[in-house]
Amino acid sequence: MIRYALSRLLSLVLSLIAASLVIFALVEVVPGDPAAFMLGLNASPETVAALRNDLGLSGSVVSRYLSWVGGMLQGDFGTSYTYRVPVSELILQRIWVSVPLAAYALVLSTLLALPIGILSAARRSGPVD
């Protein structure tokens, strides 16, 4: 049983690493420079370079990835470019809308799935199954 749990835990960790790599790669291949976009077309190269440094975009890809993952593990999701506040604050403000919706979806799906599953099991190999 412990061996099975460890294998599932390893599978979870590998899945999270793969997902983080894919997400980071997708963000990296988006064309354009976020700092230049935020400052506009008339920004001087020095100002763009300073903002890139402030945003942590001036390091290597590996160091940015490790910094990003390290921040996520510590609960630091960064700062919203739009609202200029920590993303964790935005999540906490909006979680109270999402949790009841998720609970309603869980209850509704259970109320539908349970009788359908019982009916399907009771009439095996029939048209209802």
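Me: How many aromatic pairs does the count come to by the ring rule?

Reply: This is a predicted model, in which local features need pLDDT of at least 70 and side-chain atom pairs count only at pLDDT 80 or more, while totals for chains, interfaces and linings use all residues. Residues are numbered from 1 along each chain as its sequence is written, and side-chain values use heavy atoms, with hydrogens and water left out. Rings of Phe, Tyr and Trp (its six-membered ring) pair if their centres lie within 6.5 Å, and planes under 30 degrees apart count as stacked, over 60 as edge-to-face and the rest as tilted. By this rule the count comes to 3 aromatic pairs.

Me: Is the pair of phenylalanine 24 and tryptophan 68 stacked, edge-to-face or tilted, and which helices hold the two residues?

Reply: The ring centres of phenylalanine 24 and tryptophan 68 are 5.6 Å apart with the planes at 40°, so the pair is tilted. Helices here are DSSP runs (H or I, at least four residues) numbered from the N terminus. The pair ties together parts that are 44 residues apart in sequence, because phenylalanine 24 lies in helix α1 and tryptophan 68 in helix α4.

Me: Are phenylalanine 24 and tryptophan 68 buried, partly exposed or exposed?

Reply: Buried means under 20% relative accessible area and exposed over 50%, with partly exposed in between (1.4 Å probe, protein chains only). Phenylalanine 24 has a relative accessible area of 11% and is therefore buried, whereas tryptophan 68, at 29%, is partly exposed.

Me: Which residues do the ring pairs link into a cluster?

Reply: Tyrosine 65 and tryptophan 68 also form a tilted aromatic pair, 6.2 Å centre to centre with 45° between the planes. These two residues are 3 residues apart in helix α4, which means that about one helical turn separates them. With a relative accessible area of 15%, tyrosine 65 is buried. The cluster linked by ring pairs consists of Phe24, Tyr65 and Trp68.

Me: What is the N to O distance in the salt bridge of arginine 64 and glutamate 28?

Reply: Side chains of opposite charge can pair when their charged atoms come close. A salt bridge is a side-chain nitrogen of Lys or Arg within 4 Å of a carboxyl oxygen of Asp or Glu, and a search of the whole structure finds 2 of them. Arginine 64, at 15% relative accessibility, counts as buried, while glutamate 28, at 32%, is partly exposed. The side chains of arginine 64 and glutamate 28 meet with an N to O distance of 2.4 Å.

Me: Which residue forms a salt bridge with aspartate 33?

Reply: The closest N and O atoms of aspartate 33 and its partner arginine 52 are 2.7 Å apart. Aspartate 33 lies in the loop between α1 and α2 (34-39) and arginine 52 in helix α3 (residues 45-55), so the pair ties together parts that are 19 residues apart in sequence. Both count as partly exposed, aspartate 33 at 23% relative accessibility and arginine 52 at 27%. The residue that forms the salt bridge with aspartate 33 is arginine 52.

Me: Within what arc do the buried residues of α4 fall, and against which helix do they pack?

Reply: In α4, Arg64, Tyr65 and Gly71 are buried. Seen down the axis of α4, the buried residues fall within an arc of 130° (that of the directions from the helix axis to the C-beta atoms), so they line one face of the helix. Val62, Leu66 and Leu73 are exposed on the other side of α4. Taking contact as heavy atoms within 4.5 Å, the buried residues of α4 pack against α1.

Me: Over the face of which residue does arginine 94 lie?

Reply: A charge sits over a ring if NZ of Lys or CZ of Arg is within 6 Å of the ring centre and within 35 degrees of the ring normal. At 5.8 Å from the ring centre, arginine 94 lies over the face of tyrosine 83.
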